[in-house]
Every structure is written in C-alpha cells, then in structure tokens.
Amino acid sequence: MERDSSKSDENEKEEEFSDISLRPLDLSDVDDFMVWATDDRVSRFCRWNTYTSKEDAVNYIKNTVIPHPWFKAICIKNRPIGAISVIPNSGEDSCRGEIGYLVASKYWGQGIATKAVKMVASTIFSEWPNLERLEALVDVENPGSQRVLEKAGFQKEGVLRKYCIQKGSTRDMVVLSLLSTDPKL
Ligand SMILES: CC(C)(COP(=O)(O)OP(=O)(O)OC[C@H]1O[C@@H](n2cnc3c(N)ncnc32)[C@H](O)[C@@H]1OP(=O)(O)O)[C@@H](O)C(=O)NCCC(=O)NCCS
C-alpha cells in the first residue's frame with residue numbers, strides 16, 4: 001500500500017508538539033545549545049553575538065544559565081530546541097519581571113514559542129507571588145516575536161523609542177505586558 005507521507009509528517013509534528021516541555025539547561029546540553037547559538041537568524045534581535053566557539057557556550061551555561069533565577073530549555077522529547085527565561089527585579093521594581101525566549105530556526109512557525117510563553121505565564125505568578133507584571137521588550141522589526149506574546153495574552157503598551165543599543169544600532173522597542181490578573185490564553 002502507498003504511504004501518505006504528508007499525513008505521517010503531520011502526525012509526527014502533532015506528536016512532537018504535544019511533547020514540549022521546559023526544564024533546566026545544563027552543561028550536557030551544550031551541543032543542542034550550539035545549534036541555535038551559532039545561527040545568525042536566531043541572534044539577530046538578541047543582545048548576544050552569534051557564538052563561534054563551544055568553549056564560550058560552556059562558559060555561558062556555567063556562569064549565566066546555571067546560576068540564573070529562572071532559565072529553562074524549551075524541549076521536544078526532553079531535547080533542547082530553544083530557551084526561555086524570566087529576569088526578576090528587586091526592591092521597588094520587584095512587581096515586574098522580563099521574559100525572553102528563542103527557538104532554533106528549524107522549528108519556527110509551529111507555535112512552539114507561543115506554547116512555551118503560555119506555559120511560563122500559567123506558572124510564574126504562583127512561583128513568584130510578588131510578581132504582578134510579566135513584560136517583554138521586542139524590537140519593532142521583530143513582528144514574529146510580538147505576535148507570540150499577543151497570542152499568549154500580552155497587551156501591547158507602546159513603543160519605547162531609541163531605547164537600547166543592540167549590535168551598535170539604537171533600537172525602538174515595543175513593550176508588551178501580562179498582569180497576574182489578566183486572563184491567560
Ligand atoms: C520569535 C520566535 C521566538 C518565534 O518562535 P516560533 O516558535 O516560530 O513562534 P510561533 O510559531 O509560536 O508564532 C510565531 C507567530 O509569528 C508570526 N510571524 C512570524 N514571522 C512574522 C513576520 N515577519 N511578520 C508577522 N508575523 C510573523 C507567525 O505567523 C506566527 O503567528 P500565527 O500563529 O498567527 O501565524 C523565533 O522566531 C525566534 O527564536 N527568533 C529569534 C530570537 C528572538 O527574536 N527572540 C525574541 C526576542 S524578543
């Protein structure tokens with residue numbers, strides 16, 4: 001019997017999608033980390049420069065990821081294909097935290113970032129009871145990332161003009177937020 005390959009590809013994708021999880025990223029994940037860290041398409045709107053050395057990746061995982069207060073690998077079948085983090089603030093700014101995320105380019109356009117952001121949104125306010133606002137700053141030229149946040153229930157609040165310097169150029173950033181009291185989508 002002839003095999004309907006498009007159908008089985010679809011089934012495979014659905015199966016993979018249902019197996020998305022978040023877990024700590026550690027040193028043994030460095031080869032998977034290198035897949036997205038060495039990709040210019042992924043680093044384009046990020047503060048870091050595309051990685052060229054595995055040693056730099058090991059140092060980043062050791063010095064930044066492992067001690068980070070909230071950094072998780074986005075996994076399919078427990079294998080990292082991206083990352084998501086929340087940076088807390090202290091003192092009078094402790095009511096808000098900033099979310100950031102990325103997905104290896106091979107997996108773009110399948111709803112994976114949206115699913116990961118929704119997973120964080122559904123747990124972070126109970127994990128951190130002081131948190132009332134989860135915010136994100138997204139480059140105006142990164143509509144895909146703005147869309148991810150809107151699909152996860154974030155509201156666009158405005159544009160912060162000439163807000164930060166990324167890769168030598170001053171950037172306008174869209175600010176979006178989700179409050180602990182907002183409906184989670
Ligand atoms: C942004 C990023 C995380 C999105 O990941 P993803 O898994 O592809 O996201 P999703 O599939 O959940 O959703 C993407 C949405 O953006 C839309 N989109 C993508 N590119 C777009 C574009 N150029 N213009 C408008 N919409 C776009 C998609 O169509 C989709 O929306 P839809 O479901 O309504 O069709 C991924 O592209 C990435 O890792 N980029 C590099 C790192 C980065 O920019 N991180 C964010 C920093 S703030």
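In the predicted model, Tyr-101 touches Gly-82, Ala-83, Ile-84, Ala-113, Ala-116 and Val-117, residues up to four places away in sequence being left out of the count. Tyr-101 also belongs to the largest nonpolar core, a set of 36 residues, where it is listed with Ile-74, Ala-116, Val-117 and Leu-149 as having the most contacts inside the core. Helix α5 makes the greatest contribution to this core, supplying six residues. In soluble globular proteins, nonpolar side chains tend to be buried together.

Strand β3 pairs with two strands, β2 and β4. With β4, β3 pairs in the antiparallel sense over seven bridges, and within this pairing Ala-83 is placed opposite Leu-102 of β4. Strand β2 (residues 71-76) and strand β3 (residues 79-88) are likewise antiparallel, with six bridges between them; Ile-76 has Arg-79 of β3 as its bridge partner. In a regular strand the side chains alternate between the two faces of the sheet.

Asn-78 is exposed, since 9 other C-beta atoms are found within 10 Å and the exposed class extends to 12 or fewer.

Strand β6 and strand β7 (residues 169-179) are joined in the antiparallel sense by eight bridges, with Gly-158 facing Val-175 of β7. None of the 12 residues of strand β6 (residues 155-166) is buried, and the strand therefore lies largely in the open. Two residues separate the strands of this hairpin. Lys-167, located in the loop between β6 and β7, has a phi near 55°, a positive value in a residue other than glycine. With 12 C-beta neighbours inside 10 Å, Lys-167 counts as exposed.

In helix α2 (residues 30-37), Phe-33, Trp-36 and Ala-37 are buried. These residues cover an arc of only 95° around the axis and are therefore on the same side of α2. The buried residues of α2 pack against α3 (40-43), α4 (54-65), β3 and β4.

In α4, the buried residues are Ala-57, Ile-61 and Val-65. Viewed down the axis of α4, they fall within an arc of 40° and so line one face of the helix. Glu-55, Asn-59 and Asn-63 are exposed on the other side of α4. Packing by the buried residues of α4 is against α2 and β2. Ser-53 is situated in the loop between α3 and α4 and is exposed, with 11 other C-beta atoms within 10 Å. The C-alpha atoms of Ser-53 and Ala-37 are separated by 9.6 Å, the two residues being 16 residues apart along the chain.

The shell around the ligand comprises 21 residues, of which Trp-108, Ala-113, Thr-114, Gly-144 and Arg-147 come nearest. Elements giving two or more residues to this shell are β4 (96-103), α5 (112-127) and α6 (143-151). Helix α6 provides the largest share, five residues. By residue class, the shell contains 12 nonpolar residues, eight polar residues and one charged residue.

Arg-147, one of the residues that come nearest to the ligand, is placed in helix α6. Arg-147 is partly exposed, with 13 other C-beta atoms within 10 Å; this class applies because the count lies between the limit for exposed residues, 12 or fewer, and that for buried residues, 20 or more. Thr-114 is also listed among the residues that come nearest to the ligand. Arg-147 and Thr-114 are 33 residues apart in sequence, and the separation between their C-alpha atoms is 8.6 Å.

Key: Residues numbered from 1 in each chain as written. Predicted model: local features only at pLDDT ≥ 70, side-chain atom pairs only at ≥ 80, totals over all residues. Near = placed C-beta within 6 Å. Helix = DSSP H or I, 4+ residues; strand = E, 2+ residues; numbered from the N terminus. Nonpolar A, V, L, I, M, F, W, Y, C, P; charged D, E, K, R; others polar. Pairing = 2+ DSSP bridges. Core = buried A, V, L, I, M, F, W, Y, C linked by C-beta atoms within 7 Å. Contact = placed C-beta atoms within 7 Å. Arc of directions from axis to C-beta.
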